[in-house]
Amino acid sequence: MPSYSSNPSSGPSMNPIKNVLLSAKVSEDALNDEDSPQGKVYLWVSTQDLINPPLEPGEDDDQIIQRFVLATFYYATGGDGWTNKEGWLGGSNECNWYKVICSGSVRMVTRLFPSSNNLVGSIPSEVGQLKRLERLDLSRNQLSGGIPSELGQLRGLKQLLLFLDANQLNGPIPSKLGRLTRLTALNLGYNQLNGTIPFLGTVTVPMLGSNINFCNKPSRLIVIGDSDVCPRDSRGESFDKFI
């Protein structure tokens, strides 16, 4: 087990893990709230995480933050009730958890795609800390609440899919999504969102009702029927009809 203090409620000078998380702008109030997803994960990562060898603050800060973010995502979306949660919160490297893919020599998360997996709850803002993320697919779940503006920090994101079935995301579409200049696929259909989507700094797609989907290649051409990045509904009809 790690050699730092096992008391998660101790101050930053007593628990180096807290220092690492606070440096990533995680709310200290949330860390100290044992009933919040962040508080539950703080307890887990500080005293219960079985990863071997243990992660060392100062040496493994990026992985500590990455592991914390994924575990927060697990608790915020009802991970105990997921259809498949293989590996999650176990002692293995987080890159081996179900529907998580990492790349590069430092093994940073590039894909998080637990679609159709009975996710219930809200998307935590901490997901915006997955700096190397390229694909986020949370479609066909039962998510509610708003889209965190922190997703706009994911400058390398290429695919953002939050559409369909029981998802009930609501509220305004964050203007910070306009920072995602590498997006090739964005699908927010069948939610209760409102507003417009600023994209590539110059393209704004107005919302029609509660359904929206568009795919945009580097040429800025709308692609219809591209099964790889423009999903189709259960009737086989392209969502591009909602543009």
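Let's start in the core. The largest nonpolar core has 51 residues, and W88, L112, L133, L136 and L160 touch the most other members. Which elements give two or more residues to this core? They are α1 (16–23), α3 (37–48), α4 (61–76), β1 (100–103) and β2 (108–112). Helix α4 gives the most, with 8 residues.

Keep in mind that this is a predicted model.

Now the whole chain. We have 4 helices and 12 strands. The chain has 243 residues, and 49% of them count as buried. On contacts: take those with a separation of 6 or more, and 53% come from residues 24 or more positions apart.

L112 first. Leave out residues up to four places away in sequence. Then L112 touches L70, F73, W88, K99, V100, L130, L133, R135, L136 and D137. So much for L112.

On to L160. This leucine sits in strand β6, residues 159–161. Is L160 buried or exposed? L160 counts as buried, because its relative accessibility is 0% and the cut-off for buried is under 20%. What does L160 touch, again without residues up to four places away in sequence? The list is L136, L151, L177, L183, A185, L186 and N187.

One distance to finish. R135 and L160 lie 25 residues apart in sequence. In space, C-alpha to C-alpha, they are 6.2 Å apart. R135 is also one of the residues that L112 touches. And L136 is on both contact lists, for L112 and for L160.

Definitions and conventions: Residues are numbered from 1 along each chain as its sequence is written. This is a predicted model: local features need pLDDT of at least 70, side-chain atom pairs count only at pLDDT 80 or more; totals for chains, interfaces and linings use all residues. Side-chain values use heavy atoms; hydrogens and water are left out. Buried means under 20% relative accessible area, exposed over 50%, partly exposed in between (1.4 Å probe, protein chains only). Contact means heavy atoms within 4.5 Å. A nonpolar core is a set of buried Ala, Val, Leu, Ile, Met, Phe, Trp, Tyr and Cys residues joined through side-chain atoms within 4.5 Å.
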